[in-house]
Amino acid sequence: MQNSITSLESWQESTGLSSRPLERALQFKRQLLEHVLEHSLELIMVTDANSIIQRVNAAFTHITGYSAEEALGQTPRLVQSARHSPDFYRQMRMQLQDSGSWSGQIWNRRKSGEVYLQWLTINTLTDDDGEITHRVAIGHDLTAIAGPKRERMLFTFKDPLTQLGNRQLLTSRLEQALAEAERNQIEVGLMVLDIGRLRPVNEQLGLTWGDDVLRQQARTLQAAVDEADTLVRLQGDQFAVLRHSRAQNTAMAQLADKLLGLLAQPIVLADQNVVSLQPSIGIANYPRDAAESTGLLQAAEHAHAMAKRDGRNRFQFVDQREHVLHHRELLIEQGLYHILNTGTGEGLSLHYQPQVCPDTGTIRALEALLRWQHPQLGAISPGEFIPVAEKNGLSVRLDRWVIEQVCAQVAQWQYHYSRLPVVSVNLSAQQFGQADFSDWLQACVNEAGITANRLKLEVTETTMMEHKDSCVAMLKRLRRQGFCISLDDFGTGYSAMSCLHRYPLDELKIDRSFMVEACHNTRAFVLLKTIASLAQQLSLSLVVEGVEQASQLALLRDFGPLTVQGYYFYRPLSVTDMTALLADRQP
């Protein structure tokens, strides 16, 4: 409706017409849109392409308890519960990306904290160029339906659109099949497939024709699989085939090849449009790929994602190595979600590594380093879990958790000790997309009772070069607020030397790879010395990372004033050990 209003306005402007009938038609459409939004009994939420809520209706407030003022500018995470795993939302995003729509049951949370079951439908709106402009979510509160009717809605095993089974049926049959397979020592096969590229059909021809395509492909699948197989529609254009017998690799490959050929055939719709699709299939096997139902479904879904990634129109068995890595990544992602949603910091801790003046041994700064002891995976390196956080949009929240902990620790040290080095924290690239970061950071510092100059903010050279404009603007604000700014990992991947004059910096931090290389490469040594000289001329402090041996320290002897960080002086220390070290160094 909104698109038609916009089109009418554009046509009116282009033609110069401003007749009263057109104005009345435009006004009527606007009034009709407002009436539908505000008098609908179903929750309506409109977001932009970046998932920022732009509009909600009265039913949204009635059902969730959040007013429009509280919801606008937030993301749908505002009403998310903890009932679903990150994989559930990942599948939802993938479905929206592929087909432009998603529907199903979901557990959400009201403002009061109550978790409720909702039937949710999400559709994507695009402009004339096919770019996403908005998403519209329409939700029905299933808890408002009483008695037997609700029970039927919750526990039905049939998909209303295709008349196939649904995910609940698959879950039930999968449990039964695995129990039988364990008793009889047989294999079970599971396929996850999509019909492929349904989204262009929905966008170009409309959802009605998209639904028709789904029904036709469902009939094709039903005719192709064995009667003993369980065929269900998972969601959107995704289906699953559970094979209780003849589940060896050869038989599963033959079935997959057959289904690919059938699903890729052109479909003629009632309006004579011809649609060609690009299906993809992922195949998992019990007991080879997983020992229980959830793991088997995840394995098949991952294989399906790999088939799509590698070009579609193909099937893919589970790659055990990739599957193990994917499962590990899921555990890491779920663990991070749990920690950040509960605020417990379970397993996370901060260590601090001193930065030292090599001539006097004075500790000039401390770098806060994040460590994680996962309850299942054990100690996980930041080099592994931080990329997972960045990939899944958690790095901003993780950064802020670290900063809050650092501020609280600095305040505690400041209370006990008169001499305290500045503490540096690392900022992710995503932080520079947060317009509120400088204000949030100032509020965090104020709440802890410390001053801004107690913190040094480290930004990597890669982040600086990839986000030049937003970085410069944000760092200028932060520096005006009194925070020290350090350019981390200088010299890796990019050459920012010619742009240093643009950046509001207090310090250059040379990556440890330079120190390693300079020990046996004359050119690397000359370059390191040149950077040190450049830092002095630009009045920037200099930190050299990776100093682990006396010979490395000797190389830096005539470099002028600098600070070193590395195992030669100190390894990263726990809070307890760092506190003891600070206490020893008090006057």
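Trainee: How much space lies in the largest pocket?

Mentor: Start with the general idea. Rolling a probe the size of a water molecule over the atoms shows where empty space is left. Here a 1 Å grid is laid over the protein atoms alone; a pocket is an open set of points with protein on both sides within 12 Å along at least five of seven lines, while a cavity is a set where a 1.4 Å probe fits but cannot get out. Grid points are joined across faces, edges and corners, and a volume is the space filled by probe spheres set on the points. In this predicted model, the largest pocket holds about 1,600 Å³. Lining residues have an atom within 4 Å of a point. There are 50 of them, and Gly-104, Gln-105, Arg-167, Gln-168 and Leu-234 are the closest to the centre.

Trainee: What ground rules apply to the model?

Mentor: Numbering runs from 1 along each chain as its sequence is written, and side-chain values use heavy atoms, with hydrogens and water left out. The model is predicted: local features need pLDDT of at least 70, side-chain atom pairs count only at pLDDT 80 or more, and totals for chains, interfaces and linings use all residues.

Trainee: What is the mean pLDDT of the protein chain?

Mentor: pLDDT is the predictor's confidence in each residue, from 0 to 100. The chain averages 84, with 89% of its residues at 70 or more. Residues 1-12 stay under 50. Contact means heavy atoms within 4.5 Å; that stretch has 19 contacts beyond four places in sequence.

Trainee: How do the residue classes divide in the lining of the largest pocket?

Mentor: Ala, Val, Leu, Ile, Met, Phe, Trp, Tyr, Cys and Pro count as nonpolar, Asp, Glu, Lys and Arg as charged, and the others, Gly among them, as polar. The lining has 18 nonpolar, 22 polar and 10 charged residues.

Trainee: And the second largest pocket: what volume does it have?

Mentor: About 1,300 Å³. Its lining has 20 nonpolar, 15 polar and seven charged residues. Helices (H or I, at least four residues) and strands (E, at least two) are DSSP runs, numbered from the N terminus. Helix α5 gives the largest share of this lining, five residues.

Trainee: Which residues line the largest cavity?

Mentor: Gln-91, Met-94, Val-192, Gln-238, Glu-301 and His-304. The space inside is about 30 Å³. Both α5 (86-99) and α11 (293-309) supply at least two lining residues.

Trainee: Which residues touch the most other members of the largest nonpolar core?

Mentor: Buried means under 20% relative accessible area, exposed over 50%, partly exposed in between (1.4 Å probe, protein chains only). A nonpolar core is a set of buried Ala, Val, Leu, Ile, Met, Phe, Trp, Tyr and Cys residues joined through side-chain atoms within 4.5 Å. The largest has 81 residues, and Val-406 and Leu-508 touch the most other members. Helix α14 (residues 395-416) gives the most, nine residues.

Trainee: Where does Arg-312 lie?

Mentor: In the loop between α11 and β12 (314-317).

Trainee: Is Arg-312 buried or exposed?

Mentor: Arg-312 is buried, at 6% relative accessible area. Asn-313 is partly exposed, at 41%.

Trainee: Which peptide bond is cis?

Mentor: The one from Tyr-286 to Pro-287, with omega near 10°. Pro-287 sits in the loop between β11 (280-286) and α11.
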